[in-house]
Amino acid sequence: MNSRVPATLAIVTATVLWGAMGFFTRSLNAAGFSLFEMAFIRMGITALGMGIIMVLFDRESFRIPGKMILLMVLFAVFKIIGDVAFYNGQLHLPLAIASSLQMTFPYFVIVFGYFILKESITMKKFIFTILAFIGCIVIMGISGSGGIEVVGATMALISALMIALDNIG
């Protein structure tokens, strides 16, 4: 068997599950689940799955240096806020627009990297970031049916900010 098959299968599975998230968000909301309950369900299933994989293949991963625990808690808070904000955005916006706004997180990573990690921003990186941002605006304008709801857009952008903060960690 080709060694790339498991990796390819994992990528395809993750893509399908990510694409179905909006359906589950709206279905769970219609069933009366709160945004925090949805986040808990998603993170609980992920923690259980990853825990089983770690027990089977890498038990050393459970050993966490004491100084890292505070950072892990901080990043968990970023993740919870990001998920709750994204689910909120999905409930107030068309799914394509909510996802497009959330996927602006690389722009925030570049900005945070510059200010927090003192990384340089090359002219090439700056130009392509601006072009990508313009692309997001064009996509939102093409797929939007008029005005974008401010609450939904704000929530999707907060989600992008939280992913960016998690990424620079």
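## Rings and a pocket

Author: Tyr 107 has a relative accessible area of 15%, so this residue is buried. The model discussed here is predicted.

Reader: Is Phe 133 buried, exposed or partly exposed?
Author: Buried needs under 20% and exposed over 50%. Phe 133 has 41% relative accessibility, so Phe 133 is partly exposed.

Reader: What kind of aromatic pair do Tyr 107 and Phe 133 form?
Author: A pair of rings is described by the distance of the centres and the angle of the planes. For Tyr 107 and Phe 133 the centres are 5.9 Å apart and the planes stand at 85°. Planes over 60 degrees apart make a pair edge-to-face. The pair is therefore edge-to-face.

Reader: How many residues apart are Tyr 107 and Phe 133?
Author: Tyr 107 lies in helix α5 (residues 105-116) and Phe 133 in helix α6 (residues 123-143). The pair links distant parts of the chain, the two residues being 26 residues apart.

Reader: Which helix gives the largest share of the lining of the largest pocket?
Author: The largest pocket holds about 550 Å³ of space. Its lining has 16 residues; Leu 17, Met 21, Arg 42, Thr 46 and Tyr 87 are the closest to the centre. At least two lining residues come from each of α1, α2 (35-57) and α3. The largest share, seven residues, comes from α1.

Methods:
Residues numbered from 1 in each chain as written. Predicted model: local features only at pLDDT ≥ 70, side-chain atom pairs only at ≥ 80, totals over all residues. Heavy atoms only, no water. Phe/Tyr/Trp six-rings, centres within 6.5 Å; stacked < 30°, edge-to-face > 60°. Helix = DSSP H or I, 4+ residues; strand = E, 2+ residues; numbered from the N terminus. Buried < 20%, exposed > 50% of the residue type's maximum accessible area, 1.4 Å probe, protein only. 1 Å grid on protein atoms, 1.4 Å probe; cavity = no way out; pocket = protein on both sides within 12 Å on 5 of 7 lines; lining within 4 Å. Points joined across faces, edges and corners; volume = space filled by probe spheres on them.
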